[in-house]
Amino acid sequence: MSITIKTPEQIEKMRLACRLAGEVLDFITPFVKPGVTTGELDKLCHDYMVDVQGCIPAPLNYAPNGHKPYPKSICTSVNHQICHGVPGEKVLKPGDVVNLDITTIKDGWHGDTSRMFYAGEPSIQARRLTEVTYECMWKGIAEVRAGAHLGDIGAVIQRHAEAHGFSVVREFCGHGIGARFHEEPQVLHYGKAGTGPRLEAGMIFTIEPMINAGKRDIRVLGDGWTVVTKDHSLSAQWEHTVLVTPTGYEVLTLSAGAPPPPAFIQA
Ligand code: MF3
Ligand code: CO
Ligand code: CO
């Protein structure tokens, strides 16, 4: 398989699936506070996707080759958990930072987005890491236009993260998305500008940098899914699904409650 170019009709369906994924994050925002369990957040999002939006939660029973089926409907990655945190009995406590990652399927098309949330007041370091990671995602998005190289995205993300003394996770990356959850290309969050395939209008992929406060090394927990920093340092992630347009990009997973882009993004 190669990188698919979506037709105008397919792009319209992606717009809907992606906006709905963003709206799940809008919906869950007031529930993310100390005392809630990650399992409760999963249940709330599951029921909203299924009963209110008429979506299928893509993670539930997702089993890419070599993996056992993912047992829940969203990913909840707390503090030193990098990604794919499996919801359960864990209670959020004041000062925790958590990434909620939502992937909807609507009418056969996937929308994938994640945000960071603070339970109570975060530490100065957690806030800084979260903000710099948000800037990393948007710096990557700002590189997107027909004719740019895929490697341009990773290069700006790596430069910004490392300029702040943070590290970029290498084992997981952004991805093409559409009728399938994960398609070509792999969108690395590090690398060299001017390398990789050229972007073409109609490509759709995610940009979802995972940035660690400490070293970049990872470990996977015994549940087979939850990815953590080996040194137990904090990790942050943000994700949008992005369409390549002839002149730039369209962020498909924006919704009414999405935080505004950083000031360096021109409207
Ligand atoms: N949503 C994740 C991503 O951004 C993938 C989660 S796979 C799961 O690619 F099975 F853990 F849900
Ligand atoms: Co993704
Ligand atoms: Co995701």
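Is the site of the cobalt ion (ligand 3) irregular or octahedral, given its six donor atoms? The site is irregular, with angles of 58 to 166° among those six donors. This is a predicted model, in which local features need pLDDT of at least 70 and side-chain atom pairs count only at pLDDT 80 or more, while totals for chains, interfaces and linings use all residues. Residues are numbered from 1 along each chain as its sequence is written, chains are lettered from A and ligands numbered from 1 in the order in which they are written, and side-chain values use heavy atoms, with hydrogens and water left out.

**Terms for the metal sites**

- Donors are N, O and S atoms within 2.8 Å of the metal (3.2 Å for Na, K and Ca). Water is not among the atoms, so sites may look incomplete.
- Four donors count as tetrahedral if all angles lie between 85 and 135 degrees. Four count as square planar, and six as octahedral, if opposite donors are over 155 degrees apart and all others between 65 and 115. Anything else is irregular.

**Cobalt ion (ligand 3)**

- Asp101 (OD), Asp101 (OD), Asp112 (OD) and Glu239 (OE) coordinate the cobalt ion (ligand 3), at 2.0 to 2.4 Å.
- Along the chain, the donors of this ion follow the spacing D-x10-D-x126-E.
- Asp112 lies in strand E5 (residues 109-118), and Glu239 in the loop between strand E13 (235-237) and strand E14 (240-244), so the pair ties together parts that are 127 residues apart in sequence.
- Helices (H or I, at least four residues) and strands (E, at least two) are DSSP runs, numbered from the N terminus.

**Cobalt ion (ligand 2)**

- The cobalt ion (ligand 2) is held by Asp112 (OD), His175 (NE2), Glu208 (OE) and Glu239 (OE), at 2.0 to 2.2 Å.
- The site of the cobalt ion (ligand 2) is irregular, with angles of 51 to 162° among its six donor atoms.
- The donor residues of the cobalt ion (ligand 2) are spaced D-x62-H-x32-E-x30-E in sequence.
- Asp112 in strand E5 and His175 in strand E7 (residues 174-176) are 63 residues apart, and the pair links distant parts of the chain.

**Between the two ions**

- Asp112 coordinates both the cobalt ion (ligand 2) and the cobalt ion (ligand 3), which are 3.3 Å apart.
- Asp112 counts as buried, at 2% relative accessibility. Buried means under 20% relative accessible area, exposed over 50%, and partly exposed in between (1.4 Å probe, protein chains only).
- Glu239 is buried, with a relative accessible area of 1%.
- His175 is also buried, with a relative accessible area of 5%.

**Ligand 1**

- Ligand 1 is surrounded by 14 residues. The closest are Pro59, His175, His182, Glu208 and Glu239. A residue is near a molecule or strand if one of its heavy atoms lies within 4 Å of it.
- Asp101 has a polar side-chain atom 3.1 Å from a nitrogen atom of ligand 1.
- For Thr103, a polar side-chain atom lies 3.3 Å from a nitrogen atom of ligand 1.
- An N or O atom in the side chain of Glu208 is 2.7 Å from an oxygen atom of ligand 1.
- The protein buries 97% of the 330 Å² that ligand 1 exposes when taken alone. Accessible areas come from the Shrake-Rupley method with a 1.4 Å probe; for residues, only the protein chains shown count as cover.

**Overall fold**

- The protein chain has four helices and 15 strands.
- Its C-alpha atoms fill a box of roughly 45 × 45 × 40 Å, taken along the principal axes.
- Of its 267 residues, 52% count as buried.

**Local backbone features**

- Glu184 and Pro185 are joined by a cis peptide bond, with omega about 5°. Pro185 sits in strand E8 (residues 183-187).
- Asn79 has a positive phi of about 55° although it is not a glycine. Asn79 is in the loop between strand E2 (75-78) and strand E3 (81-83). At 17% relative accessibility, Asn79 counts as buried.
- His84 is another residue other than glycine with a positive phi, near 60°. His84 lies in the loop between E3 and strand E4 (97-106). At 23% relative accessibility, His84 counts as partly exposed.

Methods: Polar contact = N/O pair within 3.5 Å; in protein donor to acceptor, adjacent residues only side chain to side chain.
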